[in-house]
Amino acid sequence: MDNSNFHNLITTLLLLLSFLIITPPSLANQQSFRPKALVLQVSKDTSTLQYVTQIRERTPLVPLNFVLDLGGQFQWVDCENNYVSSTYRPARCRSAQCSLAGANGCGDCFSSPKPGCNNNTCGLLPDNTVTHTATSGELAQDVVSIQSTNGFNPGRNVTVSNLLFSCAPTSLLQGLAKGTSGMAGLGRTKISLPSQFASAFSFHRKFAICLSSNGVVFFGDGPYVLLPNVDASQSLTFTPLIKNPVSTASAFSQGEPSSEYFIGVKSIRVDGKAVAINTSLLSIDSNGVGGTKISTVNPYTVLEASIYKAVTGAFLAARTNLKRVSPVAPFEICFSGDNIGSTLLGAAVPTIELVLQNEDTIFRIFGANSVVSVRNDAVLCLAFVNGGANPRTSIVIGGYQIENNLLQFDLATSRLGFSSLLFGRRTTCANFNTTTTSTA
């Protein structure tokens with residue numbers, strides 16, 4: 001080797017060495033970092049009883065509050081009120097984004113271009129599932145920042161640069177918790193938040209919700225650890241998720257399936273005894289009517305009228321010493337709390353059991369989830385609502401009945417895992433350790 005080649009080799013080695021020395025380790029780690037899972041913190045709005053989460057979006061990033069909608073098709077956002085972002089991009093007609101979202105229609109907007117109003121764009125039908133109101137809205141994408149997690153703590157923030165969502169007019173916010181900008185849909189679609197996050201970071205198409213006055217949503221696989229070091233993913237019972245072939249949205253295209261999560265309840269027991277009900281109501285018919293779904297939008301479980309009458313009758317018959325008092329809307333069955341004891345699992349009242357695919361797979365509703373205090377424990381009400389004679393869905397399991405139960409939705413295998421009431425493991429959904437760690 002001649003001197004010039006040797007000199008060049010030495011120079012190259014020195015440059016490489018200096019780069020390794022001066023490159024900050026944090027930058028190298030950041031470039032190679034891929035989250036195992038993501039986490040959103042959720043709070044319960046005391047006025048509307050809706051579950052609200054905050055997500056940072058746009059450029060520059062802005063913290064926005066959204067009502068959590070378990071069965072929602074996608075995220076929709078109010079784009080009329082001060083939407084400012086340098087990274088907002090409408091989805092152009094016949095683009096890959098439109099195809100992914102199933103948005104076939106194309107349209108123009110006859111005003112100056114702005115978020116929510118652009119020419120040659122495809123649109124969706126954002127749905128306020130609280131008021132059952134839908135409208136048209138432009139499909140778009142923008143930047144989203146969300147915290148990673150190792151299952152024990154929140155970790156560093158990670159970014160999705162092209163999250164798809166639908167714009168909506170400000171009027172669609174009516175009925176939602178004060179200060180919210182839209183709804184965060186977690187449903188069974190290709191552009192719901194769980195599907196997009198799984199695709200962006202190549203992790204399992206799973207997510208889990210654990211709701212209470214302060215709860216969490218995990219995107220990705222477990223562990224899902226709650227203080228004091230309880231991994232709620234290790235105590236799940238599984239049942240198939242059932243697809244309703246007919247959409248349950250306020251507005252939809254013909255042939256579109258429901259994005260909501262249905263399970264197969266076969267029978268109901270109260271205090272261990274079977275309740276006599278019309279079991280045909282528990283199946284979904286060819287028109288998409290009937291069956292059982294889980295909802296975070298309904299604050300309490302809603303039962304078809306004959307099922308409601310049978311279940312409440314069995315509940316009262318199982319505890320003949322309950323002293324009935326005047327009902328408190330929206331409940332019909334209320335009683336004095338004077339002679340109601342308490343247990344680790346809530347008020348000492350009969351357990352309501354939803355029997356699933358077999359006699360060993362049971363979703364149990366204990367006192368903490370079956371009765372609600374309405375007057376400082378002086379009056380307790382059975383936290384179920386009469387849904388009338390011909391509801392679209394026979395049983396809607398509402399938010400109160402799933403609080404402090406961890407529910408894992410596995411989109412790849414179409415199954416639900418549920419933990420039962422976490423009080424039995426001496427923890428709650430409010431016990432996720434929110435102390436941020438440096439890595440995840």
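The link of C98 and C122 is left-handed, with -90° about the S-S bond, and its sulfur atoms lie 1.9 Å apart, where a disulfide is taken as a pair of cysteine sulfur atoms within 2.5 Å. Because C98 lies in helix α3 (residues 96–101) and C122 in strand β7 (residues 121–124), the pair ties together parts that are 24 residues apart in sequence; helices (H or I, at least four residues) and strands (E, at least two) are DSSP runs, numbered from the N terminus. Both C98 and C122 are buried, a word used here for residues under 20% relative accessible area, with exposed meaning over 50% and partly exposed the range in between (1.4 Å probe, protein chains only).

This is a predicted model, in which local features need pLDDT of at least 70 and side-chain atom pairs count only at pLDDT 80 or more, while totals for chains, interfaces and linings use all residues. Residues are numbered from 1 along each chain as its sequence is written, and side-chain values use heavy atoms, with hydrogens and water left out.

The structure holds 6 disulfides. One of them joins C109 to C117, with an S to S distance of 1.6 Å, and it is left-handed because the torsion about the S-S bond is about -90°. Its two ends can be described separately: C109 is partly exposed, with a relative accessible area of 23%, whereas C117 counts as buried at 6%. Another disulfide is formed by C210 and C429, whose sulfur atoms are 2.0 Å apart, and this link is left-handed as well, with -75° about the S-S bond. Since C210 lies in strand β13 (residues 206–210) and C429 in the segment after β34 (415–418), the pair ties together parts that are 219 residues apart in sequence. Both C210 and C429 are buried. When the bonded cysteines of the protein chain are numbered in sequence order, the pairing reads 1-8, 2-4, 3-7, 5-6, 9-12, 10-11.

How many salt bridges are there? The count comes to 7, under the rule that a side-chain nitrogen of Lys or Arg lies within 4 Å of a carboxyl oxygen of Asp or Glu. Among them is the pair of E403 and K44, at 2.7 Å from N to O. E403 lies in the loop between α7 (399–402) and β33 (406–410) and K44 in strand β1 (residues 37–44), so this pair ties together parts that are 359 residues apart in sequence. E403 counts as buried, at 9% relative accessibility.

A further salt bridge connects R269 and E359, the closest N and O atoms being 2.6 Å apart. R269 sits in strand β19 (residues 267–270) and E359 in the loop between β27 (352–355) and β28 (362–365), so that distant parts of the chain, 90 residues apart, are linked. Salt bridges that share partners join R269, E353, E359 and R364 into one network, and R269 itself is buried, with a relative accessible area of 16%.

R269 is also among the residues touched by V275, together with I268, V270, A310, V311 and A314, not counting residues up to four places away in sequence; contact means heavy atoms within 4.5 Å. V275 is found in the loop between β20 (273–274) and β21 and is buried, with a relative accessible area of 10%.

Taken as a whole, the protein chain has 7 helices and 34 strands, and buried residues make up 51% of its 440 residues.
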